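Here is a guided look at a two-chain model, written for a reader who likes to follow along on screen. Please open the sequence and the structure side by side before reading on.

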Amino acid sequence: MSLSHLRELEAGSIHVIREVAAELARPVLLYSIGKDSQVLLHLARKAFHPAPLPFPLLHVDTTWKFRAMYEFRDRLVAEHGLRLIVHKNQRALDAGMNPFDYPSGKYTQALKTQALLDALALHGFDAAFGGARRDEEKSRAKERVYSFRDRHGQWEPRSQRPELWNLYNGRIERGESIRAFPLSDWSELDVWAYVGLERIPVVPLYFAAERPVVVRGGNLIVVDDQRFRLAPGEKPSLRRVRFRTLGCYPLSGAIDSDADSVPEIIEEMLRSRHSERQGRVIDHDEEGSMELKKREGYF
Amino acid sequence: MVLHASTAPRIEAAPEEATELVRVVALGSVDDGKSTLIGRLLYETGALYEDQVAAVKRASRLGGEIDFSLFTDGLKAEREQGITIDVAYRYFATARRKFILADAPGHAQYTRNMATGASTADAGVVLLDARLGVLPQSRRHLAIAALLGIPRLTVAINKMDLVGFDRAIFERIADEVRDFAARLGFAELRFIPLSARYGDNLTLRSPRTPWHRGGTLLESLETVKVARETALGPLRFPVQSVLRAEDYRGYAGQIASGAVAIGDDVVVLPSGARTRVLAIDTFEGGLREAAAPLSVALRLADAVDVARGDLIAAPQSPPSVRTRFEATAVWLSERPLDPGRAYLLKHTTRLVPARVEAVRWRLDPETLAQIEAQRLELNEVGRIAIHCARPIACDAYRDNRVTGAFILVDALTNDTVAGGTVLIDGLNDDRLAERGAIRSVAAEERRSRLGHGGAAVLVERESETAALALAGALERALFDRGCATVVVRSAEAALACAGAGLVAVCAAAGPELSRARLRAELRASGVPLAELRAGDDARDPVQAALAELRNLGALPLRAPE
């Protein structure tokens, strides 16, 4: 009898999480509050049960996430007694960095990439778990499960360590680090099927509801708080939408949808012809933009 | 004729249904049309989304036609150079199976990336260009697929449209592949004539190959037998870590092979401590039994010493515990193998300092010839002897792809420099011990004294005179080369002598039936064995035997000149 593919993926991911925790001195789990983070966290808790998680969670906070995400995060942390570190690039925020006045590339570099590198250095983390999957984007398809980063946190795609079998090489020198991707082989469909199977809680924004929306450059942007800058005469209108992917609210595109349960989301996805990252405004800046961001240290 | 019918997703399986996970590696180069084949396969199985298709349509320069190869080229350097450098992973699904397709580069200088993709594959697809047939690089792909233990291959003979879907061309290429692959020991080879560009026999059967009975490539991938032998076989459980909580001490790991149940006797290696399984724990609660590839935590009945890197195994068929072993390795580093250099060997969850004691030979992957070599260079494959500072508990790779695999890491640079597969030469084998091999002197001590390992040579002839004459000639040749050797007349004597480090030349004559029994006994023993079969007279039998024994490590290494 063969294991279902979800159970086999689960077993493989748990193996990776345990290897990183055993081989690296100070791992941390990059927690972005999205569905992939939720699955990753769930697998990590499984990997060490009944012992507590042997590493903390790190949330790199741009301060521009949806309110529902912050609420969800704080409730989850309290409920499971998790150690959470929240890190912001305070200097950039103090200097007025925001998603309206700056191009998305600069914004991402300052509040996400730089903030992440600073946080890893500040706490001396030598390994960081991410929920990235290889099916998300072209350059992700080439990334190893253990992705080596140099002293500047940068990725060199042309000289990746060969990765044979499930024998991962976690040897690093001081200042270098490993980004570990236990969900590498999962697809978006697998993630949702697993969320349904395991009843993993996710932020309600993934489910369809009436939300105040403005249309910007073809993207449906949900106006989540008072900071949103409406153009003269622009008025949010209520629209039944949901998100396939969550990030900073002014940069996240919603989709028209009636799917308000996991089975309906899966149903919708099987019919859908748009890839998940399309709603991410920051990925479309230029051809190969994800590869560039990753080389600089972005997750 | 051009088949564009299937842009709609064809993922029919309800996701909660049990579908099977299958890992496939695609071997070939851009010139073979591999990127086009994979791009189209993803497109036709509905694995691509509309915006991805639109982006590729914008970039295609084929006048409205989709350039399918653009779906798969990921890195900037690859787009610039128009080649595949690194292995990329692609995902698609059918009703029965979820596929993880490792899209591996074909060029010789990226063999190491190809090995990355092939190491975990359950099945392989090898691409050939119908106009060019079997190229040197195709032979290399086949050799590495065999080395990494991929049992089943589908050979896709592409660009059939450019040879007029000529059956004779297809058959000729297929025969050539069969001839070459016969020496590599694949369990199954399937051949499919296709055109990736026009979609013939990719996911839809082509009306242009009415003579082809073998179905489409997708059908082949959906039906290829995926040997989950790991779930059978004896228990192997490499310990990843010790889980500690209040009143709790469990050993976390992923079952590499076999199954385990509460109450089972187990042995902890390399210490050899015996105990019983008290509980099998998961997040959801305790299990009565569990099988590979589940990740679980085991609690043991006795307070034995267990740490990360130990292996919990079935005591009735344990792995071999050793510090020295022979291996086939593919070298992955620009810095060549250096026997003076300090390496770290990672085997299952165990990391031990190791040295490469000797390079026996390197393989010419295009002719399969074994060439004498002092070192291995980037992308070369060869036989090496390894000496670890601490013992590992391993199986032969052909028996177990988890406990038979290892990587070497350069202790100074931390680079992964080699991937290797364990060959068990049988000298420390328990089966041999039961047959009376004397264990008070270790095989390694004998090897070190004699300058070579033990082995048996089976010399079969119809007549006794012929068998003894040939055995005598071989004994003389071996003796002249500094080998400790002896002629014997029974399997029992051959095994005892080989176990004592000698090269035992076993002369066998008489009817086929009695010779077959002797042959089977020698083969089953696991002793390094060379065979000179009756009627196998086309070549010089003594030279043939010497060559085989050299490969088995049973000839003294020549002194450096």
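In what order do the 6 strands of the open sheet in chain A lie? The order is S3-S2-S1-S4-S6-S5, and the pairing is mixed. Strands and helices here are DSSP runs numbered from the N terminus, with at least two residues (E) for a strand and at least four (H or I) for a helix. Two strands count as paired if DSSP finds at least two bridges between them.

A word on conventions: this is a predicted model, in which local features need pLDDT of at least 70 and side-chain atom pairs count only at pLDDT 80 or more, while totals for chains, interfaces and linings use all residues. Residues are numbered from 1 along each chain as its sequence is written, and chains are lettered from A and ligands numbered from 1 in the order in which they are written.

## Chain A

Angles are taken between axes, which are lines fitted to C-alpha atoms (for helices over the stretch in contact); they run from 0 to 180 degrees between N-to-C directions.

A:Phe148 has A:Ile178 in S6(A) as its bridge partner. Helix H1 (residues 5-23) of chain A packs on the sheet, where H1(A) touches strand S1 (27-30), strand S4 (127-129) and S6 of chain A. The direction of H1(A) makes about 160° with that of S4(A).

Chain A holds 8 helices and 10 strands.

## Chain B

| Domain of chain B | Residues |
|---|---|
| domain 1 | 20-227 |
| domain 2 | 230-313 |
| domain 3 | 320-423 |
| domain 4 | 438-551 |

Domains 1 and 3 of chain B have C-alpha centres 29 Å apart, and 14 residues of domain 1 are in contact with 14 residues of domain 3. Which helix supplies the largest share of the domain 1 side? That is H5(B), with 6 residues.

H5(B) has 12 residues and reaches 17 Å from its first C-alpha to its last, close to the 16 Å expected at 1.5 Å a residue (1.5 Å times one less than the number of residues). Of these 12 residues, 10 are buried, among them B:Arg139, B:Arg140 and B:His141. Just after H5(B), B:Gly149 takes a positive phi of about 75°.

Is helix H1 (residues 34-44) of chain B enclosed or exposed? All told, 11 of its 11 residues are buried, so H1(B) is largely enclosed by the rest of the structure. Its cover includes strands S1 (20-27), S2 (88-93), S3 (97-103), S4 (123-129) and S5 (152-158) of chain B. Just after H1(B), B:Gly46 takes a positive phi of about 75°.

Strand S21 (residues 381-394) of chain B is mostly covered, with 10 of its 14 residues buried. Strand S17 (residues 320-331) of chain B runs antiparallel to S21(B) through 10 bridges, and B:Phe325 stands opposite B:Ile386. Strand S19 (residues 350-364) of chain B is also antiparallel to S21(B), with 7 bridges, and there B:Val356 has B:Ile386 as its bridge partner.

## Between the chains

Finally, 54 residues of chain B are in contact with 51 residues of chain A. The chain B side divides into 26 nonpolar, 14 polar and 14 charged residues. Here Ala, Val, Leu, Ile, Met, Phe, Trp, Tyr, Cys and Pro count as nonpolar, Asp, Glu, Lys and Arg as charged, and the others, Gly among them, as polar.

Conventions
Two residues are in contact if their C-beta atoms, placed from the backbone, lie within 7 Å. Domain bounds come from an automatic or database domain assignment. A residue is buried if 20 or more other C-beta atoms lie within 10 Å of its own, exposed if 12 or fewer, and partly exposed in between; C-beta atoms are placed from the backbone.
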